[in-house]
Amino acid sequence: MPIFKTPFNGYSVKFSPFYESRLAVATSQNFGILGNGGLHVLSLPPTPSSPLTELISFDTADGIYDLAWSESHDSLLIAAVADGSVKLYDTALPPTQNPLRSLQEHTREVHSVDYNPTRRDSFITSSWDDTIKLWTLDRPASIRTFKEHAYCVYSAAWNPRHTDVFASASGDCTVRIWDVREPGSTMIIPGHDFEILCCDWNKYDDCIIATASVDKSIRVWDVRSFRAPISVLNGHGYAVKKVKFSPHHRNFMVSCSYDMTVCMWDFMVEDALVGRYDHHTEFAVGVDMSVLVDGLLASTGWDELVYVWQHGTDPRAP
(Lines give C-alpha, C1' and ligand atoms only; values in the text may rest on other atoms or scores of the structure.)
Protein backbone atom coordinates (compact mmCIF):
# COMPACT_ATOMS: atom_id res chain seq x y z
CA MET A 1 0.00 0.00 0.00
CA PRO A 2 1.12 3.64 -0.45
CA ILE A 3 3.93 5.01 1.73
CA PHE A 4 5.37 8.51 2.12
CA LYS A 5 8.70 9.50 3.70
CA THR A 6 8.56 12.74 5.69
CA PRO A 7 11.64 14.92 6.36
CA PHE A 8 10.89 14.98 10.10
CA ASN A 9 9.25 12.69 12.67
CA GLY A 10 5.55 12.14 12.09
CA TYR A 11 3.16 13.28 14.82
CA SER A 12 -0.37 13.31 13.43
CA VAL A 13 -2.21 12.24 10.29
CA LYS A 14 -5.76 13.12 9.19
CA PHE A 15 -7.85 12.21 6.15
CA SER A 16 -9.69 15.00 4.36
CA PRO A 17 -13.45 15.03 5.02
CA PHE A 18 -13.99 16.28 1.44
CA TYR A 19 -11.66 14.22 -0.81
CA GLU A 20 -11.23 10.49 -0.34
CA SER A 21 -7.73 10.50 -1.85
CA ARG A 22 -6.36 13.37 0.29
CA LEU A 23 -4.74 13.40 3.72
CA ALA A 24 -2.37 15.61 5.72
CA VAL A 25 0.46 14.85 8.13
CA ALA A 26 2.02 16.99 10.87
CA THR A 27 5.73 16.55 11.59
CA SER A 28 8.36 17.71 14.06
CA GLN A 29 12.14 17.71 13.91
CA ASN A 30 14.21 15.93 16.57
CA PHE A 31 11.24 13.96 17.93
CA GLY A 32 9.39 17.19 18.71
CA ILE A 33 11.84 18.28 21.39
CA LEU A 34 13.51 21.14 19.51
CA GLY A 35 13.60 22.28 15.91
CA ASN A 36 11.40 22.91 12.89
CA GLY A 37 8.12 21.40 11.77
CA GLY A 38 6.23 20.66 8.61
CA LEU A 39 2.72 20.21 7.31
CA HIS A 40 2.40 17.93 4.27
CA VAL A 41 -0.72 17.48 2.15
CA LEU A 42 -0.63 14.12 0.38
CA SER A 43 -2.61 12.43 -2.36
CA LEU A 44 -3.36 8.73 -2.70
CA PRO A 45 -2.21 7.22 -6.00
CA PRO A 46 -4.64 5.62 -8.47
CA THR A 47 -2.98 2.24 -7.87
CA PRO A 48 -2.03 0.85 -4.42
CA SER A 49 1.48 -0.08 -5.58
CA SER A 50 2.43 3.56 -6.22
CA PRO A 51 3.72 5.93 -3.53
CA LEU A 52 1.80 8.78 -1.95
CA THR A 53 2.48 12.09 -3.69
CA GLU A 54 2.88 15.46 -2.02
CA LEU A 55 0.47 18.16 -3.22
CA ILE A 56 1.89 20.97 -1.08
CA SER A 57 3.89 21.44 2.12
CA PHE A 58 4.37 24.22 4.66
CA ASP A 59 7.40 24.72 6.89
CA THR A 60 7.26 26.04 10.45
CA ALA A 61 9.98 27.26 12.80
CA ASP A 62 8.63 24.92 15.49
CA GLY A 63 7.29 21.38 15.49
CA ILE A 64 3.65 20.64 14.67
CA TYR A 65 1.96 18.21 17.07
CA ASP A 66 -1.50 17.93 15.55
CA LEU A 67 -3.70 19.14 12.71
CA ALA A 68 -7.36 19.30 11.77
CA TRP A 69 -9.17 19.76 8.48
CA SER A 70 -11.92 22.34 8.38
CA GLU A 71 -15.42 20.87 8.07
CA SER A 72 -16.60 23.95 6.14
CA HIS A 73 -13.72 24.80 3.75
CA ASP A 74 -12.17 21.96 1.75
CA SER A 75 -8.70 23.55 1.58
CA LEU A 76 -8.37 24.84 5.14
CA LEU A 77 -6.05 23.18 7.67
CA ILE A 78 -5.41 24.10 11.31
CA ALA A 79 -2.07 23.26 12.93
CA ALA A 80 -1.23 22.88 16.63
CA VAL A 81 2.30 24.18 17.03
CA ALA A 82 4.98 23.65 19.68
CA ASP A 83 5.55 27.40 20.18
CA GLY A 84 2.02 27.77 21.59
CA SER A 85 0.52 29.08 18.36
CA VAL A 86 -2.41 27.83 16.31
CA LYS A 87 -1.87 28.37 12.58
CA LEU A 88 -4.45 28.39 9.78
CA TYR A 89 -3.38 27.29 6.29
CA ASP A 90 -5.14 27.40 2.93
CA THR A 91 -3.79 24.50 0.89
CA ALA A 92 -5.08 26.12 -2.30
CA LEU A 93 -2.61 28.98 -1.84
CA PRO A 94 1.19 28.80 -2.20
CA PRO A 95 3.41 28.64 0.92
CA THR A 96 4.37 32.30 0.47
CA GLN A 97 0.74 33.27 1.17
CA ASN A 98 0.52 31.05 4.25
CA PRO A 99 -0.27 30.82 7.07
CA LEU A 100 -3.47 32.83 6.74
CA ARG A 101 -3.39 33.49 10.46
CA SER A 102 -1.32 32.68 13.53
CA LEU A 103 -3.23 32.69 16.81
CA GLN A 104 -0.88 33.13 19.76
CA GLU A 105 -2.62 32.68 23.11
CA HIS A 106 -1.52 29.38 24.62
CA THR A 107 1.55 29.83 26.81
CA ARG A 108 2.96 26.36 26.14
CA GLU A 109 2.91 23.74 23.39
CA VAL A 110 -0.44 23.19 21.65
CA HIS A 111 -0.94 19.44 21.59
CA SER A 112 -4.28 18.89 19.88
CA VAL A 113 -6.84 20.58 17.64
CA ASP A 114 -10.34 19.39 16.77
CA TYR A 115 -12.81 21.00 14.37
CA ASN A 116 -16.48 21.03 15.32
CA PRO A 117 -18.18 18.46 13.02
CA THR A 118 -21.73 19.70 13.61
CA ARG A 119 -21.48 23.47 13.91
CA ARG A 120 -18.62 23.65 11.38
CA ASP A 121 -17.53 27.18 12.28
CA SER A 122 -15.50 26.53 15.42
CA PHE A 123 -12.62 24.45 16.76
CA ILE A 124 -10.92 23.67 20.06
CA THR A 125 -7.25 23.41 20.97
CA SER A 126 -5.65 21.81 24.01
CA SER A 127 -2.26 22.66 25.44
CA TRP A 128 0.47 21.82 27.89
CA ASP A 129 -0.55 25.07 29.65
CA ASP A 130 -3.39 22.96 31.17
CA THR A 131 -6.13 24.74 29.18
CA ILE A 132 -8.50 24.22 26.27
CA LYS A 133 -9.46 27.16 24.05
CA LEU A 134 -12.50 27.65 21.83
CA TRP A 135 -12.05 29.52 18.54
CA THR A 136 -14.06 30.50 15.48
CA LEU A 137 -12.62 31.17 12.02
CA ASP A 138 -13.88 34.75 11.90
CA ARG A 139 -12.31 35.97 15.14
CA PRO A 140 -8.64 36.77 15.78
CA ALA A 141 -8.92 35.87 19.49
CA SER A 142 -10.33 32.85 21.29
CA ILE A 143 -13.94 32.95 22.47
CA ARG A 144 -13.29 31.16 25.74
CA THR A 145 -10.62 29.39 27.78
CA PHE A 146 -11.47 26.29 29.82
CA LYS A 147 -9.14 25.88 32.79
CA GLU A 148 -9.80 23.13 35.33
CA HIS A 149 -7.23 20.46 34.57
CA ALA A 150 -4.26 20.30 36.91
CA TYR A 151 -1.76 19.22 34.25
CA CYS A 152 -1.19 19.14 30.47
CA VAL A 153 -4.31 18.66 28.33
CA TYR A 154 -3.16 16.24 25.65
CA SER A 155 -6.41 15.89 23.74
CA ALA A 156 -9.83 17.49 23.28
CA ALA A 157 -12.60 16.10 21.09
CA TRP A 158 -16.05 17.37 20.10
CA ASN A 159 -19.08 15.18 20.60
CA PRO A 160 -20.25 14.08 17.12
CA ARG A 161 -23.92 14.91 17.78
CA HIS A 162 -24.10 17.59 20.48
CA THR A 163 -22.88 20.86 19.01
CA ASP A 164 -21.75 22.39 22.32
CA VAL A 165 -20.26 19.34 24.06
CA PHE A 166 -16.63 18.22 24.06
CA ALA A 167 -14.30 16.05 26.16
CA SER A 168 -10.71 16.65 27.27
CA ALA A 169 -8.02 14.18 28.34
CA SER A 170 -5.24 15.23 30.68
CA GLY A 171 -2.06 14.20 32.41
CA ASP A 172 -3.97 14.73 35.66
CA CYS A 173 -5.51 11.28 34.98
CA THR A 174 -9.00 12.62 34.33
CA VAL A 175 -11.31 13.15 31.40
CA ARG A 176 -13.64 16.11 31.69
CA ILE A 177 -16.88 16.63 29.78
CA TRP A 178 -17.72 20.23 28.93
CA ASP A 179 -20.68 22.14 27.54
CA VAL A 180 -19.64 25.53 26.17
CA ARG A 181 -22.92 26.98 27.51
CA GLU A 182 -21.98 26.02 31.08
CA PRO A 183 -19.49 27.88 33.34
CA GLY A 184 -17.47 24.77 34.22
CA SER A 185 -17.07 21.13 33.29
CA THR A 186 -20.24 19.06 33.61
CA MET A 187 -18.54 15.75 34.42
CA ILE A 188 -15.19 14.48 35.69
CA ILE A 189 -14.22 10.89 34.92
CA PRO A 190 -11.21 9.61 36.91
CA GLY A 191 -10.37 7.40 33.97
CA HIS A 192 -6.95 5.92 34.76
CA ASP A 193 -4.27 5.86 37.44
CA PHE A 194 -1.76 7.23 34.93
CA GLU A 195 -1.76 10.06 32.41
CA ILE A 196 -4.55 10.01 29.80
CA LEU A 197 -3.11 10.87 26.38
CA CYS A 198 -6.22 10.81 24.19
CA CYS A 199 -9.99 10.56 24.14
CA ASP A 200 -12.55 10.10 21.38
CA TRP A 201 -16.34 9.86 21.14
CA ASN A 202 -18.20 7.01 19.52
CA LYS A 203 -19.71 8.17 16.24
CA TYR A 204 -22.94 6.15 16.67
CA ASP A 205 -23.59 6.45 20.40
CA ASP A 206 -23.05 9.96 21.75
CA CYS A 207 -22.77 8.71 25.35
CA ILE A 208 -19.77 6.44 24.73
CA ILE A 209 -16.22 7.71 24.97
CA ALA A 210 -12.83 5.97 24.84
CA THR A 211 -9.67 6.94 26.73
CA ALA A 212 -6.07 5.95 26.00
CA SER A 213 -3.44 6.02 28.72
CA VAL A 214 0.18 5.64 29.71
CA ASP A 215 -0.99 2.53 31.61
CA LYS A 216 -1.03 0.75 28.17
CA SER A 217 -4.82 0.33 28.19
CA ILE A 218 -7.83 1.76 26.40
CA ARG A 219 -11.01 2.13 28.41
CA VAL A 220 -14.50 2.63 27.05
CA TRP A 221 -17.00 4.57 29.17
CA ASP A 222 -20.71 5.29 29.13
CA VAL A 223 -21.03 8.84 30.46
CA ARG A 224 -24.49 8.04 31.87
CA SER A 225 -22.86 5.64 34.34
CA PHE A 226 -19.10 6.06 34.58
CA ARG A 227 -18.19 4.43 37.90
CA ALA A 228 -16.62 1.60 35.92
CA PRO A 229 -15.66 1.31 32.25
CA ILE A 230 -17.89 -0.81 30.04
CA SER A 231 -14.77 -2.25 28.40
CA VAL A 232 -11.01 -2.37 29.09
CA LEU A 233 -8.80 -3.13 26.10
CA ASN A 234 -5.36 -4.55 26.87
CA GLY A 235 -2.89 -5.51 24.17
CA HIS A 236 -0.43 -2.67 23.76
CA GLY A 237 2.99 -3.06 25.35
CA TYR A 238 3.59 0.63 26.09
CA ALA A 239 1.61 3.86 26.44
CA VAL A 240 -1.30 4.28 24.02
CA LYS A 241 -0.88 7.57 22.19
CA LYS A 242 -4.09 7.84 20.14
CA VAL A 243 -7.48 6.18 19.97
CA LYS A 244 -10.11 6.79 17.29
CA PHE A 245 -13.59 5.36 16.84
CA SER A 246 -14.61 4.14 13.39
CA PRO A 247 -16.80 6.51 11.38
CA HIS A 248 -18.47 3.46 9.76
CA HIS A 249 -18.92 0.82 12.48
CA ARG A 250 -20.23 1.40 16.01
CA ASN A 251 -18.05 -1.14 17.79
CA PHE A 252 -14.73 -0.61 15.99
CA MET A 253 -11.84 1.62 16.97
CA VAL A 254 -8.17 1.99 16.11
CA SER A 255 -5.22 2.89 18.33
CA CYS A 256 -1.48 3.50 18.08
CA SER A 257 1.20 3.19 20.70
CA TYR A 258 4.78 3.70 21.76
CA ASP A 259 5.09 -0.07 21.28
CA MET A 260 5.28 0.81 17.52
CA THR A 261 2.02 -0.93 16.64
CA VAL A 262 -1.40 0.09 15.35
CA CYS A 263 -4.28 -2.00 16.70
CA MET A 264 -7.89 -2.46 15.58
CA TRP A 265 -10.46 -3.30 18.25
CA ASP A 266 -14.08 -4.43 18.58
CA PHE A 267 -14.89 -3.23 22.09
CA MET A 268 -18.12 -5.25 22.36
CA VAL A 269 -16.58 -8.73 22.09
CA GLU A 270 -14.43 -10.66 24.55
CA ASP A 271 -11.47 -11.06 22.20
CA ALA A 272 -11.48 -7.37 21.40
CA LEU A 273 -8.20 -7.19 19.46
CA VAL A 274 -9.14 -7.88 15.84
CA GLY A 275 -6.04 -6.60 14.07
CA ARG A 276 -2.44 -5.67 14.87
CA TYR A 277 -0.11 -3.88 12.46
CA ASP A 278 3.60 -3.64 13.23
CA HIS A 279 4.83 -1.78 10.14
CA HIS A 280 6.41 1.13 12.05
CA THR A 281 9.99 0.84 13.33
CA GLU A 282 9.68 3.71 15.83
CA PHE A 283 6.90 5.02 18.07
CA ALA A 284 3.54 5.03 16.24
CA VAL A 285 2.00 8.34 17.31
CA GLY A 286 -0.60 9.25 14.69
CA VAL A 287 -3.53 7.26 13.30
CA ASP A 288 -6.78 8.01 11.49
CA MET A 289 -9.69 6.31 9.75
CA SER A 290 -11.20 7.74 6.58
CA VAL A 291 -14.71 9.14 6.88
CA LEU A 292 -15.25 8.63 3.14
CA VAL A 293 -13.79 5.13 2.57
CA ASP A 294 -14.81 2.32 4.91
CA GLY A 295 -11.80 0.52 6.39
CA LEU A 296 -9.14 2.88 5.03
CA LEU A 297 -6.46 3.60 7.64
CA ALA A 298 -3.46 5.92 7.87
CA SER A 299 -0.67 6.05 10.42
CA THR A 300 2.54 7.95 11.03
CA GLY A 301 5.39 7.68 13.49
CA TRP A 302 8.82 8.72 14.58
CA ASP A 303 10.30 6.57 11.77
CA GLU A 304 9.35 9.48 9.43
CA LEU A 305 6.90 7.33 7.46
CA VAL A 306 3.22 7.65 6.55
CA TYR A 307 1.32 4.47 5.66
CA VAL A 308 -2.14 4.19 4.11
CA TRP A 309 -3.81 0.79 3.89
CA GLN A 310 -7.10 -1.07 3.95
CA HIS A 311 -7.95 -2.87 7.20
CA GLY A 312 -7.13 -6.55 6.83
CA THR A 313 -4.21 -6.00 4.43
CA ASP A 314 -0.48 -5.65 5.10
CA PRO A 315 0.54 -1.96 5.13
CA ARG A 316 3.97 -2.93 3.79
CA ALA A 317 2.64 -4.97 0.89
CA PRO A 318 3.35 -3.48 -2.56
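**Salt bridges**

I counted salt bridges first, taking one as a side-chain nitrogen of Lys or Arg within 4 Å of a carboxyl oxygen of Asp or Glu. The count comes to 15. The model is a predicted one, where local features need pLDDT of at least 70, side-chain atom pairs count only at pLDDT 80 or more, and totals for chains, interfaces and linings use all residues. I number residues from 1 along each chain as its sequence is written, and side-chain values use heavy atoms, with hydrogens and water left out.

**Lys-14 and Asp-66**

I looked up this pair next. Lys-14 forms a salt bridge with Asp-66, and the closest N and O atoms are 3.2 Å apart. The pair links distant parts of the chain, with Lys-14 in strand 2 (residues 9-15) and Asp-66 in strand 6 (residues 64-69), 52 residues apart. Strands here are DSSP runs of E, at least two residues long, and helices are runs of H or I, at least four residues long, both numbered from the N terminus.

Are the two partners buried or exposed? I use buried for under 20% relative accessible area, exposed for over 50%, and partly exposed for in between (1.4 Å probe, protein chains only). Lys-14 has 15% relative accessibility, so it counts as buried. Asp-66 is at 6% and therefore also counts as buried.

**Other pairs**

I checked Asp-200 with Lys-203: they form a salt bridge, with the closest N and O atoms 2.8 Å apart. Asp-200 is buried, at a relative accessible area of 9%, while Lys-203 is partly exposed at 28%.

Arg-108 forms a salt bridge with Glu-109, its closest N and O atoms being 3.5 Å apart. Arg-108 is partly exposed at 39% relative accessibility; Glu-109, at 19%, counts as buried.

Which residues are linked in a network of salt bridges? I noted Arg-119, Asp-164, Asp-179 and Arg-181.

**Annotated domain**

I took the domain limits from UniProt, where an unreviewed entry places "domain: EIPR1-like beta-propeller" at residues 152-265. UniProt positions are in the numbering used here, feature names are shortened, and annotations may be inferred rather than shown by experiment. Over residues 152-265 I find 0% helix and 49% strand, with the end C-alpha atoms 27 Å apart.

**Strands 24 and 25**

I then followed strand 24 (residues 262-266), which runs antiparallel to strand 25 (residues 273-277) and is joined to it by four bridges. Two strands pair if DSSP finds at least two bridges between them. The hairpin joining strand 24 to strand 25 passes through six residues. I also looked up Trp-265, whose bridge partner in strand 25 is Leu-273.
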